Amino acid sequence: MKKSMIWLIALAAVAVIAIGTYVSLRNSMVQKNEAVKESWSEVDVQMQRRADLIPNLVATVKGYAQHEQTVFDNVANARAALLNARSPSDRIAANGQLDGALGRLLAIVENYPQLKADQNFLSLQDELAGTENRIAVARRRYNLALRDYNAYIGLFPNNLVAGWSGFQRNNAYFEASPASQKVPQVNFQTPATPAPQQSAPAVPKP
């Protein structure tokens, strides 16, 4: 067999291997990118659910604290910003603002004992707490999927395939915003009354 034929066969084998590797890596990137989108979709659903609870929550609080208009306006504006945001980065930023606004809304509840006993408010507060937990779980899954995707396309030779195929790093991580970190903790339980201290028995004098 001529050397030229051997070279052609070798080149063809290398080309087949290269194409197969490219297709395999690209398919993996597509799957990981879809996993990011699916995880984000769950986060988005839970954030929308929380946004739907807010009007009733605000209306209930307003029934007892009508003069707290600034707090109500802040919540309404933050909710509107979340609903109007389109990209994940914008919605994450708007969600951070809403975290802070809701924290200030719940903080004023401490000043209204009757509101703390309102059954409608307690029901809404429970629903809100459940939604917050689901958001926390969903955003952890989203962050993990996003970190996996970014790590995968950053490896060599994956980064070459990613560049050729148009896959770019996605930095829209869900991080705790400064506003949410300052959200005050609201305690709806009445603190227990400390037991009276008993004085030590008098020791009789000799």
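Modeller: Helices here are DSSP runs of H or I with at least four residues, numbered from the N terminus, and the model to which they are assigned is a predicted one.

Colleague: In which helix does Thr-60 lie, and is Thr-60 buried or exposed?

Modeller: Thr-60 belongs to helix 1, and its contacts, once residues up to four places away in sequence are set aside, are Leu-115, Asp-118, Asn-120, Phe-121 and Leu-124. Its relative accessible area is 9%, and because buried means under 20%, Thr-60 in helix 1 counts as buried.

Colleague: Which residue caps the N-terminal end of helix 5?

Modeller: Helix 5 covers residues 119-154. A side-chain oxygen lies 2.8 Å from the backbone nitrogen of Asn-120, and the residue that supplies this oxygen, and so caps the helix, is Asp-118.

Colleague: How far apart are the end C-alpha atoms of helix 5, and what span should its 36 residues have?

Modeller: The expected span is 1.5 Å times one less than the number of residues, so the 36 residues of helix 5 should span 52 Å. The separation of the end C-alpha atoms agrees with this, at 52 Å.

Colleague: Which residues have the most contacts inside the largest nonpolar core?

Modeller: This core has 45 residues, and the elements giving two or more residues to it are helix 1, helix 2, helix 3, helix 5 and helix 6. Leu-102, for example, is in contact with residues including Ile-54, Val-75 and Leu-128, leaving aside neighbours within four places in sequence. Those with the most contacts inside the core are Met-29, Leu-102, Leu-105 and Tyr-142.

Colleague: Where is Pro-157 found, and what is the omega of the peptide bond from Phe-156?

Modeller: Pro-157 sits in the loop between helix 5 and helix 6. The bond that joins Phe-156 to Pro-157 is cis, with omega near 5 degrees.

Note on methods
Residues are numbered from 1 along each chain as its sequence is written. This is a predicted model: local features need pLDDT of at least 70, side-chain atom pairs count only at pLDDT 80 or more; totals for chains, interfaces and linings use all residues. Side-chain values use heavy atoms; hydrogens and water are left out. A polar contact is a pair of N or O atoms within 3.5 Å; within protein, one must be able to donate a hydrogen and the other to accept it, and residues adjacent in sequence count only if both atoms are side-chain atoms. A nonpolar core is a set of buried Ala, Val, Leu, Ile, Met, Phe, Trp, Tyr and Cys residues joined through side-chain atoms within 4.5 Å. Buried means under 20% relative accessible area, exposed over 50%, partly exposed in between (1.4 Å probe, protein chains only). Contact means heavy atoms within 4.5 Å.
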